[in-house]
Every structure is written in C-alpha cells, then in structure tokens.
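Here is a briefing on one protein model. Look over the fold before reading the points below.

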Amino acid sequence: MNHARVKALKGDGKTVSRKAIKSGRASNNLSPHDSPIASLLTSPRTSKPPSRVTSDVSDGSGSEPDAESDDEMLQSLYSDASGASAGQDGDKPTVDIQAIIEQLRDRKHNNEKTREQLLDIYVKALRLRFSHESLDWLSEGGTQLADIFLRDANRGPTARERLLSLKAYQLTVMTAQDIDVFDAGQRRLKQIILDEDDDDCKEHAIYALALTALYAGGGEESAADLMEYLVEIVQSDGQAAEAYDSSHVVLAAMRAWSWLAAHVDDYSSLADSAMDAFVDQLDSASIDVQAVAGECIALIYEASRAHESETGQPFQLPYDPRRLAGRVDHLAKQSTRSVARSNRRTLRETLRGVVTSLERSVGPGYSTAEDPDGRPYGYRQYINLGSSAAPIETWSLLARWNMLKLVFKSGVVLHALNNPTAMECIDDASFTANDGAWKRNR
C-alpha cells in the first residue's frame, strides 16, 4: 500500500426489542426529567463572554440548542477543578475530566436528557475546541471515558443517547493517545451492531469498530479479521449485521473497510473475496452504494499496483479492470438519472473518477481534460487546510480523509492541523501554499 499504517496498528426513546432487553438497554432505572443539570455544565457568572463557535453539523438525532446556548455549554467545560472560569487569572483553560466521568457514571441522579446534553457538549467541545491542552486531560481520563461511552452505547435507553455515546467514543479514540480498549471494545461494538434497532447507531458502531482496530489497541491481524467481517456484511446485503437490505449499513461497512485497507500494508489474501462483494454491489438499487463500491474497487486495484511494484506480483483478481470500467461507465450514464439534480454532479463525477482510475491507473478525480498548453488538468480534488492545500492523488488518501471528515465534521481542519492522530492519517499528502490555484483547477 502507498500508506502502510503498521505503526498505528501496533500500538427520543424507541420501543425496545427483545434483543435490546437482553443486552441491557431497556433499563427503567431513570431519574426524573426535572433532575438539575450538573454544575460543571453551568458557566460561572464571572466567566468571560464565550467566543462564538462555528456551527457544527447536527448529529441528526433531535433538536439542537441555539448557537448562544452551545457557546455557553462549550465554555462551561473549560474550567479548572476549583470552578475558576476559563482563562481566569492567566491560567490556561482546562477541563475537569474527573467531574465529567463522575457525571457520566451517575445514572441515578442524571436522567436521559441530562446525559444527552452532557454527551452533546462533550462531542462539540472535542470537535470545535480541540487544542494541545486537550491532550493533557484526555491522557488522564481517555481510557475511562472510552469505557463509559462503550457501555452507554450499548445500554442507553434512547437512540439519541446511544448515538451520541458512539460519536463521543469515536472522537475520544481518534484524539486521546495510547488508549487500549480493543478486546472489550470490539466485542461490545459487534454486539451493538447485531442488537441495535436504529440504523444510525448501527452505522456509527461500524465506524467505531474500524477506528478501534487502528487506534485503540488492535493489531494488524485484528484489522485483517475485521476487514473480513465487514466484507461479510457487504456480501449479505447487511444481513450479517441484522440489517438486511439496509443501504446505510452496507455503505458504512464499505467505508469502514476502505479506511482499514488504506492503513494495512498487505491484504492480498483478502482482496479476491472483497472484490467479489464490491462488484456485486454495483447492481445495488442505491446509487450511493454503487458509487462507494466503485471507490472500493479502485482502491483494491491501486493496492494491487503498489504490491506489484514492491514484490513483482499483483493481486490475483479474477476481473478485467477495463471491463469493470465499462460497467461503471454505464452506471454513470444510466443510474444518475434517478438521482436528485443537486446530487447528480457529485455522483457522476465519483463514478467517472472510478472509470478513469481503472482505465489509466490513476487516483480519484483525475481530469483528462487539457489545459491551454495541452496537458491534462490532472487531480482536481484537494484537502484544503486554510493556508495550504494538497491534491488527493490516491484512493487510500481519499478513504482516510473521508473518515476524518465523518468523525470530526466541521472541526476537521482544526484536527488536521493540531491533532497528532489526524495529522498522521494524512501525513503522505503533499501540501503547498494555497494560492487559489487548487480552486481554479476544480
């Protein structure tokens, strides 16, 4: 692979089903809804006026507080253990991590709305207020937080609490250093994938499982096993995850697979069965599934070319890439007719990018159109980090960047510039000063 990650590898309540009851999520030990919010969520009156926070993408699981309320809640996390306001008396802003842990554990006095609010604050704070100081308090309580989020993702009484717990877990794993919860984490997450009734929770449990394999104590063998597990979900159209014919779950499995494949050094022994699964998904009724399946196919051929360059032997794949290119080209012309006009261009460009990759052995978004000097425009997808930009020249880099965007949302640039884990994920990107040329070439 172009980007081996061996170093990383080492290191709203719903009616609950019988499965949920069996797994413990149907607990009725809820405190009254009028339980007061923990004091750590309330900004002291002496606090400085909070700075405006860029609006984050909604978690899609209920109404969001207004922007001013978000600012106040986020600011409230940044106080020292004695209750001093953030930045008061020249002190650096800190987080009372033990207070957060105690509040998350105190299910007796905090009802589901209180827990949801605390989780929502934590998610927004870690996405939008990350700094080098964040690594200090995460190193103190990161593993404890990860354990709590895993537990609540399995036992939370509402889908919103479970979903927020999964997102909080993802952010913790991708931000804290030296977390090792792999053994318990992969067991719990696989159980959630089977037991969960909510598709959004299933989807994010799959992402969490993939992140766990790389950054929460897994290893190369564990990552390879997980790639096989994800292929089973794709091959069965979601049935292996108790979600038959769910495009959301199949999409999540393919995206998680591509994330792992973009980190693993050699998966030649797994490529054949994976290719079969992704080629079958080209017949999906969902154009989104078709597009992501095409991206996975292009990623496998890219890995095969890299493997051949290193060992002299390509992957043994029973498919002609040019014939597959013709099939995907047909999809690009036919399938997008049924897609909303606003999404047609993106989907068509994705599928056309797969076609060009299979025909010319190039990366994603490569334009064969010629500039005034008769040269191809080349790569037209970029990672833009404010004052610098890098072309996305490999499917491996695209898979990693897409996962970072999924986890960090509107905080992705902040993390790509400051978070060691996020920085490592794209350390093979070639950044240059952003003079606007990347925009002109798009």
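Are α10 and α11 roughly parallel or roughly antiparallel to each other? They are roughly antiparallel, as angles over 145 degrees count as such, under 35 as roughly parallel, 65 to 115 as roughly perpendicular and the rest as oblique. This is a predicted model: local features need pLDDT of at least 70, side-chain atom pairs count only at pLDDT 80 or more, and totals for chains, interfaces and linings use all residues. Residues are numbered from 1 along each chain as its sequence is written, and side-chain values use heavy atoms, with hydrogens and water left out.

**Helix packing**

- Helices here are DSSP runs of H or I with at least four residues, strands are runs of E with at least two, and both are numbered from the N terminus.
- α10 and α11 pack at an angle of about 155°, and their axes are 9 Å apart.
- Axes are lines fitted to C-alpha atoms, for helices over the stretch in contact, and angles run from 0 to 180 degrees between N-to-C directions.
- The crossing of α10 past α11 is left-handed.
- A crossing is left-handed if the near helix is turned anticlockwise from the far one by less than a right angle, and right-handed if clockwise.
- Helix α5 (residues 112–128) and α7 have axes that come within 9 Å and cross at roughly 30°.
- α5 is therefore roughly parallel to α7.
- α5 also passes α7 in a left-handed crossing.

- Arg162 lies in helix α7, which spans residues 159–173.
- Arg162 is buried, at a relative accessible area of 3%.
- Buried means under 20% relative accessible area, exposed over 50%, and partly exposed in between (1.4 Å probe, protein chains only).
- The side chains of Arg162 and Glu196 are joined by a polar contact of 2.8 Å.
- A polar contact is a pair of N or O atoms within 3.5 Å; within protein, one must be able to donate a hydrogen and the other to accept it, and residues adjacent in sequence count only if both atoms are side-chain atoms.
- Lys167 is also placed in helix α7.
- Lys167 counts as buried, with 4% relative accessibility.
- Lys167 and Val407 are 240 residues apart in sequence, but their C-alpha atoms are 7.4 Å apart in space.

**Nonpolar core**

- The largest nonpolar core holds 119 residues, and Trp257 and Tyr267 have the most contacts inside it.
- Helix α13 (residues 287–311) gives the most to this core, with 12 residues.
- A nonpolar core is a set of buried Ala, Val, Leu, Ile, Met, Phe, Trp, Tyr and Cys residues joined through side-chain atoms within 4.5 Å.

**Strands**

- An open sheet of three strands runs in the order β3-β4-β5, with antiparallel pairing.
- Its edge strands are β3 (382–384) and β5 (432–433), each pairing on one side only.
- Two strands pair if DSSP finds at least two bridges between them.
- Three bridges link β3 to strand β4 (residues 388–391) in the antiparallel sense.
- Ile383 has Ala390 in β4 as its bridge partner.
- β1 and strand β2 (residues 376–379) run antiparallel and are joined by three bridges.
- Ser367 stands opposite Gly378 in β2.
- β1 and β2 form a hairpin with five residues between them, and Gly374 in the turn has a positive phi of about 80°.

**Loops**

- Glu242 is in the loop between α10 (220–235) and α11 (247–261).
- Phi of Glu242 is near 55°, a positive value in a residue other than glycine.
- Glu242 is partly exposed, at a relative accessible area of 44%.
- Ser361 sits in the loop between α15 (341–360) and β1 (366–370).
- Ser361 is not a glycine, yet its phi is positive, at about 60°.
- Ser361 counts as partly exposed at 44% relative accessibility.
- Val95 is found in the loop between α3 (67–77) and α4 (97–105).
- Val95 is buried, with a relative accessible area of 8%.
- Val95 and Ser134 lie 39 residues apart in sequence and 8.0 Å apart in space, C-alpha to C-alpha.
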